[in-house]
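Okay, everyone, thanks for coming.

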Amino acid sequence: MFPTVRMRRLRGNENLRRLVRENHLSVSDLIMPLFVCPGKGIKNEIASMPGNYHMSVDVLVEECREIRDLGIPGVILFGIPESKDAVGSDTWSDEGIIQKAVRSLKEKVNDLLIITDVCFCEYTDHGHCGILKNGTVDNDATLLNIAKQAVSHAEAGADMVAPSDMMDGRIGIMREALDTAGFSDIPIMAYSAKYASAFYGPFRDAADSTPQEGDRRGYQMDPPNGDEAIREAELDMMEGADILMVKPALSYLDIIYRVKSEFSMPVAAYNVSGEFSMVKAAAAKGMIDEERVMMEMLTSMKRAGADIILTYFAKDAARVLGQREK
Ligand code: PBG
């Protein structure tokens, strides 16, 4: 009549819960996204993303030292260029904002992975992720520029490149270009399943990368689709990607789970700007407990199967995890 099996037995106190806890977030899982801009001594807070800044290279160096000292393994860089043009030529210029930032970081900050986002939307005057032709992004013309950009980032010293453009064939062409240029050891973290999501809103303010006309639904994935994410991930794997990413994370935990189960590959989840800003805004209004919600969200990505989490919470989470260890 009364239950013999009682699930509550192992929930009675924290030590019991610790013993049977299945998933653990670790500082080793985290990558912090950062925004770099031209100038000197600049640290402007991004209005829609509290605690995140546009930083000039000198300030970025200080920030990266702090991130390294918190034990976070890596950062991913997004650039705000001095000027934009139709093709985003800043992205493959020796004097481009990312190239300058990477060179300086590699010289001044040791023991931190410097990953670069490879895309065009922050660098084109129209705000699309490649070369525009007849109102749409020309896939194959854009591919050649993606390869140039990736090689240029590697030449500046990037430890890993992460293409977020969603053109077809980009991983293959990047891998070949990197190998030919002598960078066969540089890994590619592919934004494999990147959805056309409203959760990128705050980032587009931050990066000034909202398309002037139209949207990204012609190249990013349609949110209702799941099987298609598996095909995208498989193509990237076959073309030589080293890490497969799902983006955004929270509304796509099923996709993280499927990609992890389907391919025995390292999987990254991108906890995007909108997911971050919602928590910050609700917490600022006293509606939720920010720290607990943050940890619950990040842990859910681990439980879904993510090995790596790119998150604007990286520093906050590292501090919480450091506290717990003591
Ligand atoms: C494209 C890119 C975007 C993000 C990362 N890389 C924006 C987009 O596709 O519009 C979004 C990240 C975020 O929202 O945190 N270069």
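**Pockets and a ligand**

I'll start with the second largest pocket, whose lining is made of Cys37, Pro38, Gly39, Val57, Asp58, Pro81, Glu82, Asp90, Glu95, Ile97 and Lys100. Helix H2 (57–69) and helix H3 (97–108) are the elements that give two or more residues to that lining. Helices here are DSSP runs of H or I with at least four residues, numbered from the N terminus.

Before I go on: this is a predicted model, where local features need pLDDT of at least 70, side-chain atom pairs count only at pLDDT 80 or more, and totals for chains, interfaces and linings use all residues. Residues are numbered from 1 along each chain as its sequence is written, and side-chain values use heavy atoms, with hydrogens and water left out.

What do we mean by a pocket? On a 1 Å grid over the protein atoms alone, a pocket is an open set of points with protein on both sides within 12 Å along at least five of seven lines, a cavity is a set where a 1.4 Å probe fits but cannot get out, and lining residues have an atom within 4 Å of a point.

The second largest pocket holds about 150 Å³ of space. Its lining splits into five nonpolar, one polar and five charged residues.

Now the largest pocket, with about 750 Å³ of space. It is lined by 18 residues, and Arg21, Asn23, His24, Thr299 and Arg324 are the closest to its centre. Which helix gives the most to this lining? That's H10, with seven residues. By class, we get four nonpolar, five polar and nine charged residues.

And the ligand? You'll find the ligand in the largest cavity; "sits in" means that more than half of its atoms lie within 2 Å of the grid points. Around the ligand are 17 residues, the closest being Lys194, Arg204, Lys247, Ser273 and Tyr312; to count, a residue needs a heavy atom within 4 Å. That shell has eight nonpolar, three polar and six charged residues.

Let's go through some polar contacts, meaning pairs of N or O atoms within 3.5 Å. The side chain of tyrosine 312 has an N or O atom 2.6 Å from a ligand oxygen. Lysine 247 has a polar side-chain atom 3.3 Å from a ligand nitrogen. How much of the ligand's accessible area does the protein cover? The answer is 100% of the 400 Å² that the ligand has on its own, using the Shrake-Rupley method with a 1.4 Å probe.

Definitions and conventions: Polar contact = N/O pair within 3.5 Å; in protein donor to acceptor, adjacent residues only side chain to side chain. Nonpolar A, V, L, I, M, F, W, Y, C, P; charged D, E, K, R; others polar. Points joined across faces, edges and corners; volume = space filled by probe spheres on them.
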